[in-house]
Structures are given as C-alpha cells and as structure tokens.
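Dear colleague,

Please read it with the model open beside you.

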Amino acid sequence: MKKILIIGANGFVGRRILDQLSEQGTYELFACSLHPDIQPTENHTFIRLDIQDYPAVETLLEHIAPDVVINCAALSAPDYCEQHPEEAVAINVEAVANLAECCEHLGSRLIHLSTDFVFDGKENRLYTEEDTPAPVNYYGQTKHQGEQEIEEICSDYAIARVVVIYGKALPGQHGNIVQLVKNRLEAGEEIRVVSDQYRTPTWVADVAVGVERLILTEKSGVYHIAGGEQLSIAEMAYRVADYFHLDRSLIHPVSTEEMNEATPRPRYSGLSIEKAGIELDYTPHTFEEGLEEMK
Ligand SMILES: NC(=O)c1ccc[n+]([C@@H]2O[C@H](COP(=O)([O-])OP(=O)(O)OC[C@H]3O[C@@H](n4cnc5c(N)ncnc54)[C@H](OP(=O)(O)O)[C@@H]3O)[C@@H](O)[C@H]2O)c1
C-alpha cells in the first residue's frame, strides 16, 4: 500500500484529493495543514504542520517516509501575494524548496500544484508545457520560482498546473467563481465580471483524478491538468446562470481596463491538456457536468 502525504489538506484542492484517494481504499493516507482538520475521518491520519517550520517538516517526513508527497499548500490569492510579497516567497518558494530537499533525501515522489498564472497570457492560444513562463503578478512569479526549485532539486516529481478550479467547497474553504456567481444571482445581486480574460476552468474532481494519475506514473515533469474548454470569465458566469436558471441580466460584463484591478492578471491563460490526455489518459468533464454537483 503506497503511503501518501497530502500537505495543505484543509484547502479546496487538497481536501478533494484526500477524499478521492480515500475512496479508493488502496492508499495509506496522511494529511497535514496549518489549522486543525476541517473534516476528520477514520481513513486518514491528520497532523498539524506549518511548512515554514523546516525541522518539523523534516521530522514528519522522516517519521512517515511517504512514497508520495502531494503539496497543495500555498498562498493562492493573487491580491494577497501582491500585498504580502515576503510571505508569498516564504510559502510558495522557500518552503517548497525545503520540501523538495526533504523528498529528494528520502526518495519520495513530490507532486506539486501550480498555476496557469505562470504565463503572461499574451498568446491567443492554449499554453503547453513547452511554453516559457513569464508571470505578470507576484503570485505567478512565486509559483514559477517554486516550480524551478523542484525541477532543480528533485529527481522524481510532477508539477500539476491547474486553472480556475470550481466545485462544491466545504464550509471554511474559500469560494470559487461558480459559487460566487451562483450565490450572488440567487440573492438577486448584480455582478461585474471580466469579459476579456480567458481560462480553462477545471472541476475540482478532475484535478483529483489527474493528480492520482500522477501518483501512478513514474514520469517526472510538468503536466497541465485543466478543463477542456477555454471560456472568458463572463462566459463562465452566463453558463452558470443558464444552468441554474438564474437571472443572467444581473451579470455585467466589463473589460480588464474597466475592472481596473490592482493586481495584473493574464488575458489568455488557458492550458492545453494534450500531454495529460496522451500520457495520463486524462479526460476532464464538461463545464456543465462539473456544475451538476453544485445543484
Ligand atoms: N483554486 C484555484 O482556482 C487554483 C488555480 C490555480 C492554481 N491553484 C493552486 O492549487 C493549489 C491549491 O489551491 P487551493 O485553491 O486548494 O488553495 P487553498 O484552498 O488556499 O488551500 C491552501 C492550503 O494551504 C494551507 N497552508 C497555507 N499556509 C500553510 C503553511 N504555512 N503550512 C501548512 N499549510 C499551509 C492552508 O491550510 P489551512 O486551511 O489549514 O490554513 C490551505 O488550506 C495551490 O498551489 C494553488 O496555487 C489553485
């Protein structure tokens, strides 16, 4: 039975991966997060851990000796990273490098979650794993640096770049675009959404399946684990309104310029999933299939 350690297991993605692996019943599961377990079960052992506490990380990894470590811990809010650059480097770069060193030392495979925000979004096409990152904000910059640390340090690793993840979140987890739009429209509130930024939205359950495939392959490298359709944020909002029979006239599409956000964001950062399709047999659900669980 493979021993798997999920770090950041209270987070939106980390918990779904934990649940997905738990359902299989074929893994010995350990889960870590900064705060207490948001949903304890008998199927995993939970340990509180701050990934910035290097001795604690080293001791824990030596104690568990996991076959695979999945790192979902991050400072993942772009605006927060822009305003707290030192904290973003400490968690998204330095702690990742330390984790990579520990994994390399113990011979554990490291699977690390990254983002489409490593790209500048200036291409009007889907980005492949071969494209050169050029982040436009601090979050993207730190995530790219984290990737580089892993590529330098680890001999057995996978970097899973994911995009605008949506799905049903647990209480206490941050929201996502679908939940935000649905909640606002259900409350009869107007919503402004960007109409000229494009992504390949990804159902959180597909990320969990993609990451499990990365446990099972022995290949190292970067993999794009995303949805199969490129949509603007405004198109996503309209599709949510239509699917849940909500009032689409409450949606106001605006340009990036009009939105005037303090943190720059890439225009086109949809990811090509061709490599994951060929090498991992990864086939995501459609946007509407993903929405189904939020009924
Ligand atoms: N969600 C998206 O749309 C999206 C898009 C692109 C990329 N990603 C990437 O996917 C990964 C997971 O994202 P997510 O949405 O699941 O993020 P999330 O919900 O914010 O979860 C991140 C988790 O990291 C944990 N954490 C933060 N600082 C920590 C520390 N010092 N020590 C230990 N744990 C710490 C937090 O634990 P506690 O809750 O216990 O405090 C939190 O649950 C990230 O790498 C992110 O960059 C996400």
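**The sheet and the ligand shell**

Seven strands make up an open sheet with parallel pairing, in the order β3-β2-β1-β4-β5-β6-β11, where strands are DSSP runs of E with at least two residues and helices are runs of H or I with at least four, both numbered from the N terminus, and where two strands pair if DSSP finds at least two bridges between them. At the edges stand β3 (44-48) and β11 (221-224), each of which pairs on one side only. From one strand to the next the twist averages 20 degrees, angles being taken from 0 to 180 degrees between N-to-C directions of axes fitted to C-alpha atoms, for helices over the stretch in contact.

This is a predicted model, in which local features need pLDDT of at least 70 and side-chain atom pairs count only at pLDDT 80 or more, whereas totals for chains, interfaces and linings use all residues. Residues are numbered from 1 along each chain as its sequence is written.

Within the sheet, β4 (residues 68-71) runs parallel to β5 and is joined to it by four bridges, with I70 opposite I111 of β5. Helix α5 (residues 138-153) packs on the sheet, touching β5 and β6 (157-162), and its direction makes about 160 degrees with that of β5; contact here means C-beta atoms, placed from the backbone, within 7 Å.

As for the ligand, 27 residues surround it, the closest being G8, N10, G11, V13 and S33, where a residue counts if its C-beta atom, placed from the backbone, lies within 6 Å. Both α1 (12-24) and β5 (109-115) supply at least two residues of this shell, and α1 gives the most, with three.

With kind regards

Technical notes: Contact = placed C-beta atoms within 7 Å.
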